[in-house]
Amino acid sequence: MTDRTLAMFPLGMVLFPHTPLAARIFEERYLKMLGMLLDEQPAEFGVVLIERGHEVGGGEKRFARGAVARLERVLPQEGVISVLARGGSRFEVEEWLDDAPYPRARVRMLPDLDWNDALAPLSSEAERIVRRVLARAGEYGDTRWEPSIELAEEPLARAWQIAAIAPLGPIDQLALLGATSVGGLLREVIDLTLAAEELLAVRGVDEEPFE
């Protein structure tokens, strides 16, 4: 495992490996960060979940686990810059550095997980449950992902994407990001998603009209 220093982009969401990230950058400190990144190859930055505070203006408290994002596309628009990136390797923050002119941290890279073909049935079961509950969650409001979303063919990437689209809160997602094996990741996805389904069932009962 290697230490490295990353420019950091704290967000109100968890980024998973092999998962796309679309963001709109307008704050001065992150525009400076983007300008620096475009001079580097590969153009990468770290994404961590905000524990308290806001994405705009600074002063937020940040969780220590995150994932590297690699820039794939930059689209200037009026007043903002839209970027598309993709999640890569995971890390733990060892030390936050001076925020000027943008957040930076020294991080310890976490090992990549290893896929085993024996996990294929578990992956299929996790995907089936996630898609079912995602469709149910969509009945109660907007969800980030459609139940029919297409996932990667490569099995390890697909496992991470199954975790990413599961209709869970950010704290549960952060726990998934810390998985130490693909089997453990998929089993935890199933357990957390089934628990979310139970809450949706209770919500459905609560919202039934009185006769």
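Which residue caps the N-terminal end of helix 3? In this structure, which is a predicted model, that residue is E154, and one of its side-chain oxygens lies 3.2 Å from the backbone nitrogen of L156.

Let me stay with helix 3 for a moment. Nine of its eleven residues are buried, so the helix is largely enclosed by the rest of the structure. The buried residues are L156, A157, A159, W160, Q161, I162, A163, A164 and I165.

If we take F16 and set aside its neighbours within four places in sequence, we find F16 in contact with G87, W160, A163, A164, Q173, L176 and L177. As a general background to both, nonpolar side chains tend to be buried together in soluble globular proteins.

I will finish with a charged residue, E27, which sits in the loop between strand 2 (20–25) and helix 1 (28–37). Is E27 buried or exposed? With a relative accessible area of 16%, E27 counts as buried, because the cut-off for that term is under 20%. As for its partner, the side chain of E27 makes a polar contact with the side chain of R29, at 3.0 Å.

How values were computed
Residues numbered from 1 in each chain as written. Predicted model: local features only at pLDDT ≥ 70, side-chain atom pairs only at ≥ 80, totals over all residues. Heavy atoms only, no water. Contact = heavy atoms within 4.5 Å. Buried < 20%, exposed > 50% of the residue type's maximum accessible area, 1.4 Å probe, protein only. Helix = DSSP H or I, 4+ residues; strand = E, 2+ residues; numbered from the N terminus. Polar contact = N/O pair within 3.5 Å; in protein donor to acceptor, adjacent residues only side chain to side chain.
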